[in-house]
Amino acid sequence: MASNSVRESAKQTSKSLRPSSATQDVLHHPYMRAALPFINGGLAGMTATAVIQPVDMVKVRLQLAGEGAKTGPRPSALGITRDIIAAGKVLDLYTGLSAGLLRQAVYTTARLGFFETFMKTLNVRADGANRKVTFAERAAAGLSAGGIAAMIGNPADLALVRMQADGLKAPEARANYKSVFDALLRISRNEGVSALWAGALPTVVRAMALNMGQLTFFSEAKTHLKQHTSLSAQNQTFAASAIAGFFASFLSLPFDFVKTRLQKQQKDPKTGKLPYRGVIDCARKVVAEEGWLRFYRGFGTYYVRIAPHAMVTLIVADYLNLITK
């Protein structure tokens, strides 16, 4: 009797946790099925950004420190963090959070949404041919999703860099942007709408490299972990996201470095010229004036920013995909 009672109780609990038929109908509407990868991706990216924003702030300051100088003091992540806090308050580490959230709402929504959409198409095609999706196909999906999303999200990315770099200027030269929308409006008004796509090429290349490392290696690692280990589904997701975070950091940092320099630059008030003419000119000047290793300055900070962000994003997206299945 007791056993039957426990079974009945378990069944009732299970039923109560299931979505109602109305919710199921909404979730399984064709339009909602197409939109869910984008919605889940955006929510996952915004969650990760809220957690990682202080690390991103320090990463940008590290990349901009010592610009144009091959020798001299080399700032550390801890030193920059200490200086930011000493100059203001802890909340200064969240400078640009509104831009970061807008960027995720646009960029991560697009890249994860497109990647999931591409992967569904590839899986259907592979099943029809009675084979598995190849690494090259996953890589193509990741590269394509990253490139498209980066072009769409470049204005928010540029606003984020400008807001984070503003504190490096003399007080009288600071723009003191009130929010990401204030930054976007003032940049487009003072420099032209096209200025919102400054650094778009390295941004796109960086996003393609990052997505190649993050989404492709996450999908590939998870497939191998499922086949060759006895890890639980949660541990597979965690391990795969850690692997993906490393490759995403290593492959994308040089492009992220150039992107930051190009997005931060503004015309010289006297000459009206920009410090860099483009991606190649920026890379050439950095190598000549600061050395090759400058591209990987702050790799530890970048990894601490990218890896946890990738892990939180992928884990949250995986969970959201599971509960909205």
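Which residues lie nearest the centre of the largest pocket? In this predicted model, they are E116, K222, D318, N321 and K325, which belong to a lining of 38 residues.

## The largest pocket

The volume of the largest pocket is about 1,400 Å³. Two or more lining residues come from each of helix 3 (30-64), helix 5 (97-128), helix 8, helix 9 (233-264) and helix 11 (299-323). Of these contributors, helix 5 gives the most, with eight residues.

Sorted by class, the lining of the largest pocket comprises 16 nonpolar, 11 polar and 11 charged residues. Among the residues nearest the centre of this pocket are E116, K222 and D318.

## The second largest pocket

A volume of about 450 Å³ is found for the second largest pocket. Its lining has 18 residues, and M57, R61, D166, G167 and L168 are the closest to the centre. The elements that give two or more residues to this lining are helix 3, helix 4 (77-87) and helix 6 (135-165).

Helix 4 makes the greatest contribution to the lining of the second largest pocket, with four residues. The class composition of that lining is eight nonpolar, five polar and five charged residues.

## Salt bridges

The structure contains 14 salt bridges. One of them joins D166 to K169, with the closest N and O atoms 4.0 Å apart. D166 is also one of the residues closest to the centre of the second largest pocket. D166 counts as buried because its relative accessibility is 5%, under the 20% cut-off. K169, at 27% relative accessibility, counts as partly exposed.

R131 and E137 form another salt bridge, in which the closest N and O atoms are 3.0 Å apart. R131 has a relative accessibility of 32% and therefore counts as partly exposed. E137 has a relative accessible area of 17%, so this residue is buried.

A further salt bridge links the side chains of D182 and R186, with an N to O distance of 3.0 Å. Both of these residues are buried. D182 and R186 are four residues apart in helix 7 (residues 180-191), so about one helical turn separates them. Elsewhere, salt bridges connect R277, D281, R284 and K285 in a network.

T216 is located in helix 8 (residues 200-228), one of the elements that give two or more residues to the lining of the largest pocket. The relative accessibility of T216 is 0%, and T216 therefore counts as buried.

Which residues are in contact with T216, leaving aside its neighbours within four places in sequence? They are F135, R138, A139, G142 and N211. With R138, a polar atom of the T216 side chain lies 3.2 Å from the backbone oxygen.

Within the set of 14 salt bridges, the pairs include R131 with E137, D166 with K169 and D182 with R186.

Terms used:
Residues numbered from 1 in each chain as written. Predicted model: local features only at pLDDT ≥ 70, side-chain atom pairs only at ≥ 80, totals over all residues. Heavy atoms only, no water. Buried < 20%, exposed > 50% of the residue type's maximum accessible area, 1.4 Å probe, protein only. Polar contact = N/O pair within 3.5 Å; in protein donor to acceptor, adjacent residues only side chain to side chain. Contact = heavy atoms within 4.5 Å. 1 Å grid on protein atoms, 1.4 Å probe; cavity = no way out; pocket = protein on both sides within 12 Å on 5 of 7 lines; lining within 4 Å. Points joined across faces, edges and corners; volume = space filled by probe spheres on them. Nonpolar A, V, L, I, M, F, W, Y, C, P; charged D, E, K, R; others polar.
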